Each structure stands twice: as structure tokens, then as C-alpha cells.
There are 2 protein chains.
Amino acid sequence: MTEPAKKYSKKEEIMWIAADIFRQNGYHNTSISDLAKACGLHNAHFYYYFKDKENLLEESLGYLTNYFDKKVFQIAFQEGLSAKEKGILMLETTKKVFLHNQGGCIMANITLETAQYNTRFIPVIQNFFNKWTEALKHIYQEKYQPQKAQEKAEQAIQDIEGGILLMRLYRNDKYFLNALQRASEVLN
Amino acid sequence: MTEPAKKYSKKEEIMWIAADIFRQNGYHNTSISDLAKACGLHNAHFYYYFKDKENLLEESLGYLTNYFDKKVFQIAFQEGLSAKEKGILMLETTKKVFLHNQGGCIMANITLETAQYNTRFIPVIQNFFNKWTEALKHIYQEKYQPQKAQEKAEQAIQDIEGGILLMRLYRNDKYFLNALQRASEVLN
DNA sequence: GTCTATATGCGGATAGAC
DNA sequence: GTCTATCCGCATATAGAC
């Protein structure tokens, strides 16, 4: 979640910054002008890269899912580490990512803000949570049967997302950190 | 969460309906016109009851917290029931309330949509979660020490709120229902 | 690829008649 | 208390010059 070093395309840089603004201010409360200011672009120039505002967010969410997959979820499938080590490493990375820049999870935010009347973002966000669940499940499977590992993974993700909610509401990390702790204790 | 029978004031009826629209469509994506249509009022008439849109939501959230407290959270403090009975009754009521009308929790939605840049709704939503936590903690205390009961209550609420998120994302109740199940198993 | 100008509509909110 | 009319600003998006 820190700014990408160069070698990234202009479009990728825009998606990166846009995702951060959307996460903090919400979809409907973020204007093209807000994004333009943050990106150092003129309003109209967004429509050169993206068809419209929805498409911009949609592509940003996909880009971010890719980032999470490479930087976080893939840890679960690394060779040469024990389940406990992979769990701790992945949850430690999860912690850094969700605490970045005042914290929060754009996937959860967008889901709760729009899911009821707009299905456009649903598939890409489902893809994010599918990958996350698969990763945790894979780790938990070294200790539990597949069905049980799946349940534990879902429970951990729910606990973490609920923790992020309370963290933002009470401006206190503990709820989120406790959830991470519990997710790693599953492997004890 | 079903419509209130009459004997409620016009203002209460408005808050009730408005909360439902806000929950489904989000704060910024709900216009005064949307609310007016749903309430059978003219746009301008809202400003007779409420100072502005923010005040309308703020009062609605307070009204709803009151409703939850009376109908759900107070179950924890009823006389003549065992902890297990109170837990099951309270969680069963929780289930009905959050599954109503396509489901979702307006407190979580508004927090994630606005908490980063608008502190106005924070106190009333904190009050909601405080009351919920106190209620669950009180039930769990018949089996756990206060500190442990507090942790279990927070964990249950996080699990439930994360479950509501996944329920809405995947259009599948199971995540939410599993969380309720786990919250009641704490008492086994 | 980048910028200026602008179309067009809807948002929240108010004034004031009845 | 209720309704009509309306102000004003900002939103998304496009046209088109350079």
C-alpha cells in the first residue's frame, strides 16, 4: 500500500491513488475532481484512460486484488515454510496492509456502500475474498480437514473485517489486532 | 424492523423509513427526493422536521439504537432466564432484525462510508455498539470472567458484522448464520 | 496525449404563499 | 403544517483545439 516505484504505467499509478481516495472517502463522496487533484491530472483526462467512474473503480479493485494476491495471499503457497510460519508471515503482512494510511479495507467499504443496488463491483470483490479464503484455508489444512479449514478461514476473515470496522469506529487498533491474533492461534 | 404500528409520531415514521433507505442505498447515494418519495412527502417538508440531511440520519440512528436496545439488547438483562436461554433468544432476535428487507446493518454501512472524514455519526454509532457489547458481555459473564466475557462479546460482534458483509457480497446467509451459531456456542 | 471550455442534470437547501 | 417555486453549486461527462 505504499506508492509503487516507477516502472509502473501511468494508468496503474492512477488506479493506485484512486483506490486510496475511494477507500477513505467512499465511492459516491469521491468526485472526479478529488481524484484529479490527488493524481495531478485534469478532470477530463480520466476519460482518456477509463470509460467512466464506475469503470475506474472496477479496474482499480482488480488491480488491487492482483497486488494483494502477489504480496499477501501467495505467502500461503510458499515452499519451505511451516504452516505456522506461513500463517504468521501472512497475517503480519495483512496487518501492515490494512493499517496503512489510517486503515480500512476498500473491498468491504465498497461492498457495503453499493452492493444492494449495483452489481458491477461484486465479481471483482468476490474474487478478492475467494483468493483470501483459499490462502487461509490452505494454511489451516495442515492442521484441519478441508471442510473445517474452510470454516476456520471464513471465521477468521469475518473476525478481521469486523475488527477493521470497530477499529475505524473507535479509532483503536485493538479489535483488528485481536482478530489477527485469534486467526494465528488457530494453528496452535 | 417491520413498519411501526400507529401511535408513533410522523417524525418517528420518517426516521424509520429513512433509516431503511439509507441502509440499502448508502448515505451519499440517497437523495432527499428518494426519501420524500418513500415517505410520501414533499422534498421541502423534511426541513420542517430536520435541520439538514446529516441531522436526519443522525436522529434516525439514535432512534434505531433505542429500538435495538428495547427489542434486542434488553433481553440480556431479563429476569428468570438462564444465560443459555437469554443468549439464544437474543441471537434469534438479532437474526430476524439483520435479515429483514434484504439484510444489512446500517451502523456498519454508515461507519465504513463516512467515518474517515465525518465524525458526526460516530458517537451515536459507538453508543449502539457499546450497548450491544454490554448485553453480550452480561450474558457471557455467567460463564466467563468479566475480562474474558468482554473479549468474547467483541469477537462475536466482529464475527457477526463480518458475516453480514460476506452475506451481502455472496448473497448467501450462511456466513451470518454461522457467526450467530458460534456466538451461541460460547455458552456451551 | 493533454488541456480548455462547457453541456446538462441533479444535489441540498431556502423563501414564502396558503 | 404543507406545498410551489426556485436558487445555487457541483456532479459526471463530452467536444474539440492543440
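Chain A reads α-α-α-α-α-α-α-α-α along the sequence. That is nine helices and zero strands (DSSP runs: H or I of at least four residues for helices, E of at least two for strands, numbered from the N terminus). This is a predicted model, where local features need pLDDT of at least 70, side-chain atom pairs count only at pLDDT 80 or more, and totals for chains, interfaces and linings use all residues. Residues are numbered from 1 along each chain as its sequence is written, chains are lettered from A in written order, and side-chain values use heavy atoms, without hydrogens and water.

- The C-alpha atoms of chain A fill a box of roughly 55 × 35 × 30 Å along the principal axes.
- Buried residues (under 20% relative accessible area, 1.4 Å probe, protein chains only) make up 54% of the 188 in chain A.
- Take contacts (heavy atoms within 4.5 Å) in chain A between residues at least 6 apart in sequence: 65% join residues at least 24 apart.

**Charge**
- Chain A carries 24 positive and 22 negative side chains (Lys and Arg against Asp and Glu; His and chain ends are not counted).
- The centres of the two sets lie 2 Å apart, with charges placed at NZ of Lys, CZ of Arg, CG of Asp or CD of Glu.

**The two copies**
- Chain B superposes on chain A by a rotation of 180° with 0.0 Å of shift along the axis, at RMSD 0.0 Å (least squares on C-alpha atoms of residues with pLDDT of at least 70 in both).
- That is the relation of a two-fold axis.
- The copies meet through the same surface, because 100% of the interface residues of chain B are also interface residues in chain A.

Methods. Buried < 20%, exposed > 50% of the residue type's maximum accessible area, 1.4 Å probe, protein only.
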